[in-house]
Amino acid sequence: MSAVLEIITLLNTLAQLAQSQGLSLRPLLLAYEKAQAEGRQLDPAEIAVLKAAARQSLVDLENALPKG
Amino acid sequence: MTPDHLLMRSIVTRAVAILLVCLTFAMFASCALFAPQQDVAKLCAGLPNRNAAVTCVQASYAVVKATADVTRQRHAAGKLSADTARWVAARLEDAFTATEIAEVAISAGRLDEAEDQMAAVIVVLTAIEEKLQ
């Protein structure tokens with residue numbers, strides 16, 4: 001059951017973030033479903049945009065915190 | 001335990017999982033809004049194929065970004081101490097690093113390794129969630 005608990009926990013985390021931040025993973029899911037339907041492989045390079053955005057937000061958070 | 005027992009146990013486990021997911025989402029006003037997240041979480045749990053793995057890693061980066069933004073905003077609004085915000089920032093770096101390792105594993109076709117890394121990300125997100133509540 002640990003896998004089930006992990007799924008539930010992640011769902012809660014995602015749902016809370018979605019509520020507070022307007023986060024939507026729908027475009028990712030649609031891209032996945034489309035690729036699966038077309039028998040096409042998603043290019044791992046497509047990860048780069050979201051990765052860069054995450055890195056920038058981490059930098060912004062670090063810069064917003066008082067030093068020391 | 002016989003194969004029949006194992007099969008039945010597997011079916012019951014899946015049924016309970018589905019029930020728990022339904023109950024969880026029933027707590028929110030709009031289940032439809034969160035259905036995609038539910039599906040993506042399922043993808044991350046099994047990583048049944050390369051496309052699922054790519055989508056899972058993308059979702060993880062999106063969640064890291066959203067959590068960092070929420071933490072910065074809450075700290076700016078005085079709702080989160082600097083110490084707590086620093087702790088969350090450090091954990092988010094851990095999640096980012098684990099996601100990066102998963103990304104490399106996917107490129108190399110090592111989906112099992114990617115799944116292990118994403119499990120580590122889930123542990124980190126769980127710890128952050130408990131801290132932010």
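This section describes the confidence, secondary structure and helix packing of a predicted model.

The model scores an ipTM of 0.74 and a pTM of 0.72. Chain B has an average pLDDT of 75, with 66% of its residues scoring at least 70. Among the elements of this chain, the highest mean pLDDT, 94, belongs to helix α4 (residues 82-107) of chain B, whereas helix α1 (residues 3-26) of chain B has the lowest, 48. The pLDDT is below 50 over residues 15-35 of chain B, a stretch that has 19 contacts in the model beyond near neighbours in sequence.

Chain A contains three helices and zero strands, in the order α-α-α from the N terminus. Of the 68 residues in chain A, 32% are buried.

Contact between the chains includes the pairing of helix α2 (residues 26-38) of chain A with helix α3 (residues 50-76) of chain B, whose axes lie 10 Å apart at an angle of about 170°. Because angles over 145 degrees count as roughly antiparallel, α2(A) and α3(B) are assigned to that class. On the α2(A) side, the residues involved are Leu28(A), Tyr32(A), Ala35(A) and Gln36(A), which meet Asn51(B), Ala52(B), Thr55(B), Gln58(B) and Ala59(B) of α3(B). The contact of α2(A) with α3(B) comprises five nonpolar and four polar residues, with no charged residues.

Helix α5 (residues 111-132) of chain B has 22 residues and should therefore span 32 Å at 1.5 Å a residue, in agreement with the 31 Å between its end C-alpha atoms. The buried residues of α5(B) are Ala114(B), Gln117(B), Met118(B), Val121(B), Ile122(B), Val124(B), Leu125(B) and Ile128(B). In an α-helix, residues three or four places apart point the same way, because there are 3.6 residues a turn.

Notes:
Residues are numbered from 1 along each chain as its sequence is written. Chains are lettered from A and ligands numbered from 1 in the order in which they are written. This is a predicted model: local features need pLDDT of at least 70, side-chain atom pairs count only at pLDDT 80 or more; totals for chains, interfaces and linings use all residues. Helices (H or I, at least four residues) and strands (E, at least two) are DSSP runs, numbered from the N terminus. The expected span of a helix is 1.5 Å times one less than its number of residues. A residue is buried if 20 or more other C-beta atoms lie within 10 Å of its own, exposed if 12 or fewer, and partly exposed in between; C-beta atoms are placed from the backbone. pLDDT is the predictor's confidence in each residue, from 0 to 100. Two residues are in contact if their C-beta atoms, placed from the backbone, lie within 7 Å. Axes are lines fitted to C-alpha atoms, for helices over the stretch in contact, and angles run from 0 to 180 degrees between N-to-C directions. Angles under 35 degrees count as roughly parallel, over 145 as roughly antiparallel, 65 to 115 as roughly perpendicular and the rest as oblique. Ala, Val, Leu, Ile, Met, Phe, Trp, Tyr, Cys and Pro count as nonpolar, Asp, Glu, Lys and Arg as charged, and the others, Gly among them, as polar.
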